Amino acid sequence: MSAERTDESGQRGLRARVDAFTAREDAWKWTFGAAVVLLALLPLGLNSFWTRIALGALMWVGLAQSWNMIGGYAGYLDFGHGAYFGVGGFVTGIVMVKLSLPFIPGLLLAGVAGAALAYVIGVPTLRLKGSYFAIATWAFAEAMKQLALILGITGGTFGMSLPTAASSFGIPIPGGLSETFFYYVMAALSLGTVLLSYLVLEHSEFGYRVQAVRDDENAAESLGIDTTRVKRQVYVLSCVIAALFGSVYAYHITFIHPNDVLGSLITDQMVIMVLLGGLGTIYGPVVGGLTVFLLSRMSSLFLGSSTIYLPLIGVLIMLVVLFAPSGIVGLLNGQTSRADVKKNVHELADKFDLL
Amino acid sequence: MSELFTQTLINGLLLGGIYVTVGVGFSLVFGVLEVVDFAVGEWVMLGAFAGAVLTAALGTDGLYLVPVVFVLFFVVGFFVQPFLHHVTTGDRPMPLLMGLVFTFGIATFARGAVLTIFGPNTRSITSGATSGAITLSGIGVFPTIRVITAAFGVLSLLVFMYYLYRTKGGMAIRAIAEDRTNARLMGINIRRYQSIAYGAYAGLTATAGIFIGLIYTASPGMGLQYTAFAFFMVVLAGLGYLPGVILSGIVLGVVQSFVAVYVSSQWVFFSLFALIYVVLLVSPAGLLGKGEAAT
Amino acid sequence: MSDTPILETRDLTKQFGALTANDRISFSVSAGEIRGIIGPNGSGKTTFFNSLTGFYQPDGGTVLFDGTDVTGWKPFRIARRGMGRTFQIVSPFKNMTVRQNLKAVHTPDDLDDKEARIDEILEFLEIDHIAENKARGMSGGQQKLLELGRILMLDPSCILLDEPTAGVNPALEKRIMGHIRALNEQGTTFVIIEHDMSVMRAVADSVTVLDQGQNIVEGPFDEVKDDPRVREAYLGRHADDEGVPI
């Protein structure tokens with residue numbers, strides 16, 4: 001049963017209440033249920049512009065969650081994850097344009113392609129550890145971008161346009177391909193990703209094995225865990241999800257270019273969202289995703305510059321890594337307390353004793 | 001051998017000279033700070049941009065700004081290092097990887113800030129040296145600036161090697177790279193030397209940047225290419241193995257030169273990245289197997 | 001104690017470049033035995049464990065576990081067969097609770113109730129009161145017990161312990177020895193690397209001495225300690241009158 005916790009000042013503050021809630025066995029169900037209802041009703045109160053923003057936020061939460069699977073839960077920092085987003089988009093584009101198929105098979109094939117590529121890449125690459133894995137995945141993703149810029153089938157340096165007719169979806173949709181429609185698709189995908197993460201990574205033996213790999217791979221191996229297989233499974237799963245999001249994104253935005261959907265910024269953003277929110281937690285990508293996404297959109301609107309989100313994200317990454325490596329969730333659940341941050345700052349100040 | 005071939009080869013060697021500067025610094029940072037600096041290309045970009053902005057503002061010849069850029073970025077690097085050190089040590093999850101992520105942040109910030117403040121356009125650095133050329137009869141015509149750049153590359157490498165192997169400071173840095181714990185026990189002020197090392201790296205790399213800006217141009221997006229180059233050099237040589245970097249830097253310059261002249265330049269970058277990836281998978285300690293192990 | 005060796009090596013060799021860390025080690029442990037492994041630093045003890053459990057690929061020789069040739073098998077397969085091991089530096093899965101640490105371990109397919117087994121082990125090791133605590137922040141002693149608990153989830157027939165009493169206070173040392181004896185009475189074989197000779201003398205049925213990668217002598221502790229080859233191996237260290245290294 002959840003114990004009543006009081007914070008340092010002896011009062012039942014916000015943190016104590018949050019702790020008490022999250023300690024409940026069914027907290028998850030309530031939270032998820034509330035989220036489903038909220039997201040289902042949200043478009044009713046939003047105009048097209050804001051629906052689009054919400055759609056974007058949902059996509060990034062889902063993408064961040066997918067990176068969190070391999071980066072946060074498994075501890076393998078994948079710096080090429082964005083490539084699968086782009087691959088999903090381009091495969092869907094190719095399927096729809098060159099094979100003249102509707103979107104639904106395009107989506108499915110994007111998932112299959114993502115899985116196949118992730119398997120082929122994962123088997124050799126996951127043998128590398130730490131920095132080497134990061135560099136290798138980064139190089140792989142950059143190579144994919146270059147390839148897309150060269151090949152004719154992806155449109156080369158011109159990019160690729162996807163069909164915009166409502167009939168291209170495959171089944172009739174009431175209201176056509178509106179922002180609201182895409183909103184619901186993203187919401188479904190996003191909610192599904194979060195639910196999947198929860199069931200597979202937080203509450204199953206498989207999830208414990210994944211985290212064991214992260215915490216101490218050798219020990220995990222010595223305890224009968226087939227670490228190679230576990231890593232591969234998480235990696236493929238996380239990449240398929242990224243590919244699916246890429247597919248929907250491509251169909252929504254109708255024009256994709258390698259520098260956008262295969263650019264390193266996609267990965268950068270996923271990484272910072274999870275870091276800021278809290279690596280390896282279920283709420284981290286949600287909190288971090290919403291924060292970073294809204295921050296970048298707002299900064300474009302209110303600070304006038306369309307590129308100012310870039311240095312802002314850079315600064316955010318640095319700040320989080322410096323002072324709150326467990327992210328916002330870490331701050332909320334007490335892993336990083338105010339005292340920890342203070343201690344952190346002091347230690348950093350000490351380091352300036354250079355001369 | 002045709003004149004074109006020789007000319008291409010020598011151009012490649014000249015280019016290699018400056019690439020080595022970047023690669024050596026990058027490799028040193030890995031050895032001393034145990035950090036893979038994803039911002040290496042951005043230091044190049046910052047140097048090039050500083051050159052462009054300062055020549056436009058002050059009206060001086062770009063070459064005179066070389067020492068200015070060096071000092072400026074040495075100082076910047078010197079004071080950035082403690083942050084990096086803080087991130088890679090201490091009680092936090094995955095410290096060394098966090099260092100890598102931190103440099104990702106630096107890179108994103110640098111690129112984004114320059115883009116936001118100065119806009120996306122390419123700029124050039126004015127200098128008297130960019131117009132002249134040296135003619136070697138029977139061999140070819142070589143732009144003066146490339147020769148000067150290569151000379152700088154060689155000179156800086158020699159000075160760097162001298163510092164590392166013949167001075168107390170250099171010995172301290174090598175000791176730290178070799179065995180940090182024992183270096184500390186020997187009374188070496190780790191923090192100071194780490195800052196010196198990172199400052200020197202930033203200064204050198206930015207200076208290489210201003211030369212590259214003189215040869216080509218400066219643009220906010222140019223960093224990625226040089227990050228790729230640095231990784232290429234260091235992965236092929238094996239992370240931490242300095243002599244190998246010198247060789248792979250020259251190889252890089254020559255290959256780039258030849259591909260630009262004889263093959264389509266389209267495939268250059270794909271090949272670079274693909275090679276980095278393949279070498280990491282197949283021989284993570286570098287082609288000669290002398291670098292640090294990958295596990 | 002039966003005569004069929006449960007763990008056996010024949011000419012096991014492991015090299016690192018010019019260094020031969022394990023030099024044709026032949027070794028055999030009977031089921032139900034507690035075997036000690038001693039030897040000066042650098043004699044190849046931990047390398048030997050790594051070669052036995054698949055963390056190193058031997059360059060020569062064979063490893064036989066319960067009659068099966070497991071040479072070069074991946075560590076998780078050897079673990080699943082029933083050989084558990086600890087590492088010199090204790091490392092629980094820090095971000096998970098004690099219970100989750102145990103739950104992550106692979107258990108035999110015929111285990112019906114994993115939770116019950118977890119409870120059993122927690123009780124046996126007397127750490128059930130901290131079952132829901134995160135492993136990070138546990139004391140060193142609790143971490144050692146957790147490590148043992150994880151291995152027990154494998155239902156191992158043979159457990160390799162690498163310096164189990166290193167850095168451990170006397171009370172905990174006694175407790176660990178008690179657990180080892182209790183498990184041994186139920187039939188678990190132990191192979192223990194130790195530097196603490198009093199522990200070896202107290203608990204080991206016999207010891208194997210490694211020096212410079214070779215198995216130089218085997219036998220009951222009291223016989224082995226007087227062997228001139230063993231003294232020579234430890235030469236350069238202080239020894240008391242009885243020849244036992246201090």
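Visitor: Where in chain B is confidence lowest, and where is it highest?

Guide: Confidence is lowest in helix H7 (residues 180-185) of chain B, at a mean of 72. It is highest in helix H2 (residues 40-58) of chain B, at 93. The score is pLDDT, the predictor's confidence in each residue, from 0 to 100. This is a predicted model: local features need pLDDT of at least 70, side-chain atom pairs count only at pLDDT 80 or more, and totals for chains, interfaces and linings use all residues. Residues are numbered from 1 along each chain as its sequence is written, while chains are lettered from A and ligands numbered from 1 in the order in which they are written.

Visitor: What are the averages for chains B and C?

Guide: Chain B has a mean pLDDT of 85, with 97% of its residues at 70 or more. Chain C averages 89, and 94% of the residues score at least 70. For the complex, the predictor gives an ipTM of 0.89 and a pTM of 0.89. Where pLDDT is low, the predicted coordinates should not be read in detail.

Visitor: How many helices and strands does chain B have, and what makes a run count as one?

Guide: Chain B has 11 helices and two strands.

Visitor: Why is Asp196(C) called partly exposed?

Guide: Count its neighbours. A residue is buried with 20 or more other C-beta atoms within 10 Å of its own, exposed with 12 or fewer, and partly exposed in between; C-beta atoms are placed from the backbone. Asp196(C) has 15, so it is partly exposed. Asp196(C) sits in the loop between strand S8 (189-193) and helix H7 (197-203) of chain C. Its C-alpha atom is 9.1 Å from that of Ile38(C), 158 residues apart along the chain.

Visitor: How do you know that strands S1 and S2 of chain C pair?

Guide: Two strands pair if DSSP finds at least two bridges between them. Eight bridges join S1 (residues 5-16) to S2 (residues 19-30), so they pair, and they run antiparallel. Thr9(C) stands opposite Phe27(C) in S2(C). Their hairpin has two residues between the strands, and Gly17(C) takes a positive phi near 65° there.

Visitor: What joins S1(C) to S4(C)?

Guide: Five bridges join S1(C) to strand S4 (residues 60-65) of chain C, again running antiparallel. Glu8(C) has Leu64(C) as its bridge partner, and Thr13(C) has Gly60(C).

Visitor: What makes a strand an edge strand in the open sheet of chain C?

Guide: The sheet has four strands in the order S2-S1-S4-S5, with antiparallel pairing. S2 and strand S5 (68-69) each pair on one side only, and these are the edges.

Visitor: What makes two residues a contact, and which pair of chains shares the most?

Guide: Two residues are in contact if their C-beta atoms, placed from the backbone, lie within 7 Å. Of the two pairs of chains in contact, chains A and B share the most contacts. There, 43 residues of chain B meet 40 residues of chain A. H4(B) gives the most to the side of chain B that touches chain A, with 16 residues. That side divides into 29 nonpolar, 10 polar and four charged residues. Ala, Val, Leu, Ile, Met, Phe, Trp, Tyr, Cys and Pro count as nonpolar, Asp, Glu, Lys and Arg as charged, and the others, Gly among them, as polar.

Visitor: How many residues make up the contact of chain C with chain A?

Guide: Chain C gives 20 residues and chain A gives 17. H2(C) has the largest share of the side of chain C, four residues. By class, that side has 10 nonpolar, five polar and five charged residues. No contact joins chain B and chain C; their closest C-alpha atoms lie 10 Å apart.
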